[in-house]
Amino acid sequence: MTHQPLSTRFSFDTEFDAAGVVVSAAAAFRPIKRAYGPAEVDALVAQARLNARNEALAEVESIQTMALSAIGQALASAAPALAQVAQLHRQQAAELALTAARVVSASALDRHPEAPLQAALEALGQEIDASPRLVIRTGDLTEATHARLQQLCADAGFSGIVAFRTEPAMAPAAFQLEWADGRAAFDPEEAFARMSEALNSALAAEAGHAENLTPETSMEGRP
């Protein structure tokens with residue numbers, strides 16, 4: 001004889017709400033698994049590690065993107081200041097070089113005040129060759145220097161009269177040459193003033209061409 005159990009567990013296969021609408025059907029019911037085998041545990045751990053790794057990589061990529069954006073914004077905001085610093089550095093370097101050149105040339109002219117005049121006579125040899133008279137205005141030069149200058153004129157082929165005029169107000173290395181068809185002059189201070197003016201003009205032109213793309217000068221809205 002087979003004994004029937006006194007009671008059986010009753011399960012609600014289909015669930016209804018108060019209005020009679022089906023909330024969950026028996027086919028959609030999935031019981032919660034309470035136990036896992038070793039292989040399933042290893043698979044779940046591996047999947048969890050993979051998910052954690054992917055999330056960490058995504059977070060790192062997001063941090064890198066934000067860092068690059070912050071660096072770009074910092075560079076964009078610092079670019080005008082860096083351009084000004086670079087321009088100031090160029091200007092100061094040029095002024096330093098010009099000052100050093102002035103000091104070196106002043107020392108050289110103190111030792112050889114007749115050198116610029118000699119160079120001018122050598123360069124103008126053909127122009128003054130046919131002139132009957134050459135007037136040389138200089139500062140206070142010695143008689144020996146006058147003799148060297150006369151010899152230089154003779155070596156250059158000048159056969160006319162060389163007349164020296166002393167101008168106490170002129171610098172030792174300054175001079176003025178006057179002949180029948182022309183005139184030439186040199187003054188160290190005026191030469192350095194022209195060099196300084198040309199240098200400042202070049203720096204100003206360079207600063208004008210080195211325009212930076214700031215918010216006020218961006219390319220947005222331009223054709």
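Q: How many residues in the lining of the largest pocket are nonpolar, how many polar and how many charged?

A: Quick heads-up: this is a predicted model, where local features need pLDDT of at least 70, side-chain atom pairs count only at pLDDT 80 or more, and totals for chains, interfaces and linings use all residues. Residues are numbered from 1 along each chain as its sequence is written, and side-chain values use heavy atoms, leaving out hydrogens and water. A pocket is an open set of points on a 1 Å grid over the protein atoms alone, where a 1.4 Å probe fits, with protein on both sides within 12 Å along at least five of seven lines; lining residues have an atom within 4 Å of a point. Here the lining splits into seven nonpolar, one polar and three charged residues.

Q: Which helix gives the largest share of that lining?

A: That's H1, with five residues. Helices are DSSP runs (H or I, at least four residues), numbered from the N terminus. Helix H1 (38-111) and helix H5 (188-209) are the elements giving two or more residues each. Arg102, Asp110 and Phe192 are among the lining residues.

Q: How do I read two packed helices?

A: You describe them by the angle between their axes and the distance between the axes. In this model, the axes of H2 (residues 115-123) and H4 (residues 143-155) come within 10 Å and cross at roughly 15 degrees. So H2 is roughly parallel to H4 (angles under 35 degrees count as that).

Q: Which residues of H2 and H4 meet?

A: Leu117, Gln118, Leu121 and Glu122 in H2 meet Arg148, Leu149, Leu152 and Cys153 in H4, with contact meaning heavy atoms within 4.5 Å.

Technical notes:
Nonpolar A, V, L, I, M, F, W, Y, C, P; charged D, E, K, R; others polar. Axes fitted to C-alpha atoms, helices over the stretch in contact; angles between N-to-C directions. Parallel < 35°, antiparallel > 145°, perpendicular 65-115°, else oblique.
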